[in-house]
Amino acid sequence: MDVFLIKKFYENLDRGEKGKFLLWLQTTLEISQTTAITRINTDGWRNVERDAVMTGIENEQWKH
């Protein structure tokens, strides 16, 4: 699995979608915006976080 898949996904979002995705990350994982951005850029996800984010991307939970 490509470890930077989440980063690639985030980079391909439109500006408004990026904000929505970040907000979803913050509320779902209970982390700050700075932490969310850092984890996206460095691929610093814990395994359980990565699983939750990948599931949210696949079933588009982050859009709701």
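## Contacts, helices and aromatic rings in a predicted model

The side chain of Asn-59 reaches the backbone nitrogen of Gln-61 at 3.1 Å. A polar contact is a pair of N or O atoms within 3.5 Å; within protein, one must be able to donate a hydrogen and the other to accept it, and residues adjacent in sequence count only if both atoms are side-chain atoms. The structure is a predicted model, in which local features need pLDDT of at least 70 and side-chain atom pairs count only at pLDDT 80 or more, while totals for chains, interfaces and linings use all residues. Residues are numbered from 1 along each chain as its sequence is written, and side-chain values use heavy atoms, with hydrogens and water left out.

Asn-59 lies in the segment after helix 4 (47-58). Helices (H or I, at least four residues) and strands (E, at least two) are DSSP runs, numbered from the N terminus. With a relative accessibility of 41%, Asn-59 counts as partly exposed. Buried means under 20% relative accessible area, exposed over 50%, and partly exposed in between (1.4 Å probe, protein chains only). From C-alpha to C-alpha, Asn-59 and Lys-20 are 15 Å apart in space, and they are 39 residues apart in sequence.

The aromatic residues form the next topic. A pair of aromatic rings is described by the distance of the centres and the angle of the planes. Rings of Phe, Tyr and Trp (its six-membered ring) pair if their centres lie within 6.5 Å; planes under 30 degrees apart count as stacked, over 60 as edge-to-face and the rest as tilted. A search of the whole structure finds 5 aromatic pairs. In one of them, the ring centres of Phe-9 and Phe-21 are 5.3 Å apart and the planes stand at 65 degrees, so the pair is edge-to-face. Phe-9 lies in helix 1 (residues 5-11) and Phe-21 in helix 2 (residues 15-29), so this pair ties together parts that are 12 residues apart in sequence. Phe-21 counts as buried because its relative accessibility is 0%. The rings of Tyr-10 and Phe-21 have centres 6.2 Å apart and planes at 40 degrees, so this pair is tilted. Both Tyr-10 and Phe-21 are buried. Ring pairs link Phe-9, Tyr-10, Phe-21, Trp-24 and Trp-62 into a cluster.

Lys-18 lies over the face of Tyr-10, at 5.3 Å from the ring centre. A charge sits over a ring if NZ of Lys or CZ of Arg is within 6 Å of the ring centre and within 35 degrees of the ring normal.

Phe-21 also takes part in the packing of helices: Phe-21, Leu-22, Leu-25 and Gln-26 in helix 2 meet Gln-33, Ala-36, Ile-37 and Ile-40 in helix 3. Contact means heavy atoms within 4.5 Å. The axes of helix 2 and helix 3 (residues 33-42) come within 9 Å and cross at roughly 110 degrees. Helix 2 is therefore roughly perpendicular to helix 3.  Axes are lines fitted to C-alpha atoms, for helices over the stretch in contact, and angles run from 0 to 180 degrees between N-to-C directions. Angles under 35 degrees count as roughly parallel, over 145 as roughly antiparallel, 65 to 115 as roughly perpendicular and the rest as oblique.

Most residues other than glycine have a negative phi. Glu-30 has a positive phi near 55 degrees, and Asp-43 a positive phi of about 55 degrees. Glu-30 is found in the loop between helix 2 and helix 3, and Asp-43 in the loop between helix 3 and helix 4.

| Residue | Relative accessible area | Class |
|---|---|---|
| Glu-30 | 73% | exposed |
| Asp-43 | 16% | buried |
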